[in-house]
Amino acid sequence: MKVISFSKLVILPLMLLVSGVVYAQQPALQYFRPNSKAGVNVFEPSKQDTVAFDGLKVRVGGDFGMQFQGLNQTNYLDSLVELGSNFNLPSANLNLDVQLYDGVRMHLRTYLSSKNHNESWVKGGYMQIDKLDFIKSGFLEGLMEVTRVTIGMDEFNYGDAHFRRSDNARAIFNPFIGNYIMDAFSTEAFGEVTIQKSGFLGVLGVTNGKLNQSVVVNDNSDNKASFFGKLGYDNQLSNDLRVRLTGSWYINKGTTTGTYLFGGDRAGSRYYNVMQTLDGDGNAFEGRFNPRFKQLTAIQVTPFIKFKGLEFFGIYEVASNSDDQGTGSFTQLAGELLYRFGGTEQFYLGGRYNTVSGKMTENSLTQEINRLNIGGGWYLTNNVMAKVEYVTQKYDGEGWTSTKYNGGEFNGVNLEAVISF
């Protein structure tokens, strides 16, 4: 009780003070998504050149996330660990964003603490090029007004869900605690070209398909690349109505690459110790699902509509394997409905329903996962938010080979406090 009181009276106000001071000193960067409430519902950064370049600028930012988890879980065999109500290990990110040159920016994120790794380690980084003036002033200026080139070892732009997910402690864009069940997110060596004009959007890119990089070759190494792309339309049709619709695809034909699209988040899931058995069967990623198809083809369609304070985001996604690998397939459906209100839409209430179903091979039995989230949140400031949710998740179908998933279910109430700047 003394520790909790000290945290409330000293640590939280100190964090608020530090975040406010640092944010006040932050330089403006070109073509940049704000790491705050101002970044909510920002997908690809705009191509509007609104910041004048006047030399190298370094922006030091961070994310902090603390959860209070109150979940219960059960299965048919009663073999899962008992979960109590307590605080989870807080998570933290360190963000470095540097304006290197006019139209050239670098991003680097380090996980200071995460569920799966208590130690600090680099998540990834990239260089974003919106102008080619470093070659020659005005070089291909007309083309670069609508074109962006991004190169790095970081998350690549497949789908729209990754713009709304929690990236370890950066949970300020996620209205709920957990990410989607099939969580499309991976950090790989990649390059992509984005074109934005008059609301239309196109992305074309390639990755090496590997989460962990190595030049060592063995008998199973084929080193085939993964290709991805996106087409869409995003426009503010009136003061009250915004409509966005995108379709993304991802293809990998290798046998040692491409298995990480739905399992590349090495920080771990946001629900702690769920589906962990008494004899230690379980990992930091439980609660999510990765089909681990070696030769993966994935398609994600994501509609987004915002009318005044009412907001809908949806997912239709299919992930399938090749004929040579057994023709397995899983379908993910999700619908998220929020109502944002208050003078600056600082409050919100809403729900999310998410389901994944399919088979590992054509002749396998069906596996199904269903999740419901109901909750709300409050942006105390642009950089500080608190949210609460009720979540229930169930495992159905006869295709679960692990007995711990038979009749598996967890549910309860979670709270999360987030600071991002």
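The chain has 421 residues, for which a compact globule would have a radius of gyration near 22 Å; the value for the chain is 22 Å, so the two agree. The model described here is a predicted one.

**Overall form**

Along its principal axes, the C-alpha trace spans about 70 × 60 × 45 Å. The secondary structure of the chain consists of two helices and 17 strands. Of the 421 residues, 50% count as buried. The chain exposes about 18,900 Å², and carbon and sulfur atoms supply 61% of that area. Contacts also reach across the sequence: among those between residues at least 6 apart, 66% join residues at least 24 apart.

**Enclosed and open spaces**

The chain holds four cavities of 30 Å³ or more.

| Space | Volume |
|---|---|
| Largest cavity | about 540 Å³ |
| Second largest cavity | about 50 Å³ |
| Largest pocket | about 1,100 Å³ |

**The largest cavity**

The space of about 540 Å³ in the largest cavity is lined by 29 residues, and those nearest its centre are R33, P45, Y126, E155 and F163. Strand 6 provides the largest share, with four residues. By class, the lining of the largest cavity comprises twelve charged, nine nonpolar and eight polar residues.

**The second largest cavity**

The residues that line the second largest cavity are G178, N179, Y180, S269, R270, Y271, E286, G287, R288 and R371. In terms of class, four of the lining residues are charged, four are polar and two are nonpolar.

**The largest pocket**

The largest pocket contains about 1,100 Å³ of space. Its lining is made up of 43 residues, of which V42, E44, P45, S46 and K47 are the closest to its centre. The elements that give two or more residues to the lining of this pocket are strand 7, strand 8 (200-207), strand 9 (226-236) and strand 10 (241-252). The largest share, three residues, comes from strand 9. Divided by class, the lining of the largest pocket has 16 nonpolar, 14 polar and 13 charged residues.

**A residue of strand 9**

Strand 9, which gives the largest share of the lining of the largest pocket, includes Q236. Is Q236 buried, partly exposed or exposed? Its relative accessible area is 45%; buried means under 20% and exposed over 50%, so Q236 is partly exposed. Leaving aside neighbours within four places in sequence, Q236 is in contact with L241 and R242. Q236 and K306 are 70 residues apart in sequence, and their C-alpha atoms are 9.2 Å apart in space.

Conventions: Residues are numbered from 1 along each chain as its sequence is written. This is a predicted model: local features need pLDDT of at least 70, side-chain atom pairs count only at pLDDT 80 or more; totals for chains, interfaces and linings use all residues. Side-chain values use heavy atoms; hydrogens and water are left out. On a 1 Å grid over the protein atoms alone, a cavity is a set of points where a 1.4 Å probe fits but cannot get out, and a pocket is an open set with protein on both sides within 12 Å along at least five of seven lines; lining residues have an atom within 4 Å of a point. Grid points are joined across faces, edges and corners, and a volume is the space filled by probe spheres set on the points. Ala, Val, Leu, Ile, Met, Phe, Trp, Tyr, Cys and Pro count as nonpolar, Asp, Glu, Lys and Arg as charged, and the others, Gly among them, as polar. The radius of gyration is taken over C-alpha atoms; the globule rule is 2.2 Å times the number of residues to the power 0.38. Buried means under 20% relative accessible area, exposed over 50%, partly exposed in between (1.4 Å probe, protein chains only). Contact means heavy atoms within 4.5 Å. Accessible areas come from the Shrake-Rupley method with a 1.4 Å probe; for residues, only the protein chains shown count as cover.
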